[in-house]
Amino acid sequence: MYDRNPDRVDDALRSTDGVDETARYDDPLALADTCDVVVECAGHSAVERYAVPLLETGTDLLALSVGALADADLHEAIVRTAVASGARFEVPSGALAGVDAIKGAAVHGQLDEVVFVTIKPPAGLAGAPYIEEHDVDLAAIEEKRLVFEGSAREAAPAFPANINVAMALSLAGLGADDTVVKIFADPDETDNVHRIEARGGAGSMAFAFHTHPHPANPRTSYIAALSTIASLRRRTAPLVVGT
Ligand SMILES: NC(=O)C1=CN([C@@H]2O[C@H](COP(=O)(O)OP(=O)(O)OC[C@H]3O[C@@H](n4cnc5c(N)ncnc54)[C@H](OP(=O)(O)O)[C@@H]3O)[C@@H](O)[C@H]2O)C=CC1
Ligand SMILES: O=C([O-])CC(=O)C(=O)O
């Protein structure tokens, strides 16, 4: 376990049964010495800085901040390094579901359109570069409002802590340039709402999720942490459900 703020590791060790000081690391790359898989749940900058060196050691990386792959050079370097070392860069379904169906529909180009809609309480978008650069006054939003529409590649750096799911969806389906993202702020919403609308040769699909924000962090859905644990369990499960 590593966090650049050691107090957070203290908190995590205190609240996790059966995990002791030996789980503490002072350098994220040192995790590769003893771990089969490293889980990144930090931010785009951590993926930019550590993904390639970790993969070079042959250690698998399960990355939540996958929006970092909107940088095509980083995306390419990650794949190239994984091929060379035999390690895997894994993108968990995270706060999303339906990714497996989109992945299936994309086989043989059977996917024509993917639209991803996110609706968050305004506080859940606070601090996003796009909100600050466009002087969006989140506190003044009185009814549901579209604050962003663009491609997943444009959305990822504009909302780095909100829209990693759109990049996961892109990687499963049409790619970052052809996946349409719409982000709404809604003061009447208490959940994080994600909707996928897709159509193509395999049919039309719509998935909608109303997930509770994590009690300690309104930007992140609680299910993202839970499904990451499920992704880890899948790695050693004798019976695997889904992809
Ligand atoms: N793919 C998905 O489905 C989902 C992805 N996410 C993403 O997962 C990540 C984690 O989410 P969450 O726990 O809510 O985020 P938080 O911002 O609450 O926590 C991130 C932690 O990582 C630290 N950190 C950030 N960047 C670095 C770095 N370069 N090196 C070392 N430590 C770093 C932060 O430190 P400090 O406070 O000092 O910055 C902070 O302690 C986010 O990027 C989030 O957007 C979240 C939900 C769903
Ligand atoms: O947790 C969510 O609802 C989605 C999220 O923050 C992300 O994709 O970065």
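This is a predicted model: local features need pLDDT of at least 70, side-chain atom pairs count only at pLDDT 80 or more; totals for chains, interfaces and linings use all residues.
- The domain assignment of the protein gives two domains, of which domain 1 spans residues 6-90 and domain 2 spans residues 99-220.
- The contact between them takes eight residues from domain 1 and ten residues from domain 2, and on the side of domain 1 that touches domain 2 the residues divide into four nonpolar, four polar and no charged.
- Taken over C-alpha atoms, the centres of domain 1 and domain 2 are separated by 24 Å.

**The shell around ligand 1**

- There are 25 residues around ligand 1, and those that come nearest are Ala42, Leu64, Gly94, Thr220 and Ala224.
- Helix H3 (44-56), helix H8 and strand S10 are the elements that give two or more residues to this shell, and S10 gives the most, with four residues.
- Sorted by class, the shell around ligand 1 has eleven nonpolar, nine polar and five charged residues.

**The shell around ligand 2**

- The residues around ligand 2 are Ala95, Ala161, Asn162, Ile163, Asn164, Val165, Asn192, Arg219, Thr220, Ser221 and Ala224.
- Helix H8 and strand S10 (217-221) each supply at least two residues of the shell around ligand 2, and the largest share, three residues, comes from S10.
- Sorted by class, the shell around ligand 2 has five nonpolar, five polar and one charged residues.

**The annotated binding site**

- According to an unreviewed UniProt entry, the annotation "binding site" covers Ala95 and Asn164; although these positions are spread over 70 residues of sequence, they cluster in space, with a largest C-alpha distance of 9.0 Å.
- Ala95 has its place in the loop between strand S3 (89-90) and helix H5 (99-106), and it counts as buried because 25 C-beta neighbours lie inside 10 Å.
- When neighbours within four places in sequence are left aside, Ala95 is in contact with Val165, Asn192, His194, Thr211, Ser221, Ile223 and Ala224.
- Asn164 lies in helix H8, which is made up of residues 164-172, and Asn164 counts as buried because it has 30 C-beta neighbours inside 10 Å.
- Not counting residues up to four places away in sequence, Asn164 touches Leu64, Ser65, Val66, Gly67 and Gly94.

**The annotated active site**

- The "active site" annotation, again from an unreviewed UniProt entry, covers His194, a residue found in strand S7 (residues 192-200).
- His194 counts as buried because it has 25 C-beta neighbours inside 10 Å.

**Strands and their pairing**

- In general, the strands of a sheet pair through backbone hydrogen bonds, either parallel or antiparallel.
- Three strands form an open sheet in the order S1-S2-S3, with parallel pairing, and the edge strands of this sheet are strand S1 (37-40) and S3, each of which pairs on one side only.
- Strand S1 and strand S2 (residues 60-63) pair in the parallel sense over four bridges, and Glu40 stands opposite Ala63 in S2.
- Strand S9 (residues 213-214) and strand S10 pair in the antiparallel sense over two bridges, and a hairpin through two residues joins S9 to S10.
- His214 has Asn217 in S10 as its bridge partner, and S10 is also the element that gives the most residues to the shell around ligand 1.

Key:
Residues are numbered from 1 along each chain as its sequence is written. Chains are lettered from A and ligands numbered from 1 in the order in which they are written. UniProt positions are given in the numbering used here, feature names are shortened, and annotations may be inferred rather than shown by experiment. A residue is buried if 20 or more other C-beta atoms lie within 10 Å of its own, exposed if 12 or fewer, and partly exposed in between; C-beta atoms are placed from the backbone. Two residues are in contact if their C-beta atoms, placed from the backbone, lie within 7 Å. A residue is near a molecule or strand if its C-beta atom, placed from the backbone, lies within 6 Å of it. Ala, Val, Leu, Ile, Met, Phe, Trp, Tyr, Cys and Pro count as nonpolar, Asp, Glu, Lys and Arg as charged, and the others, Gly among them, as polar. Two strands pair if DSSP finds at least two bridges between them. Domain bounds come from an automatic or database domain assignment.
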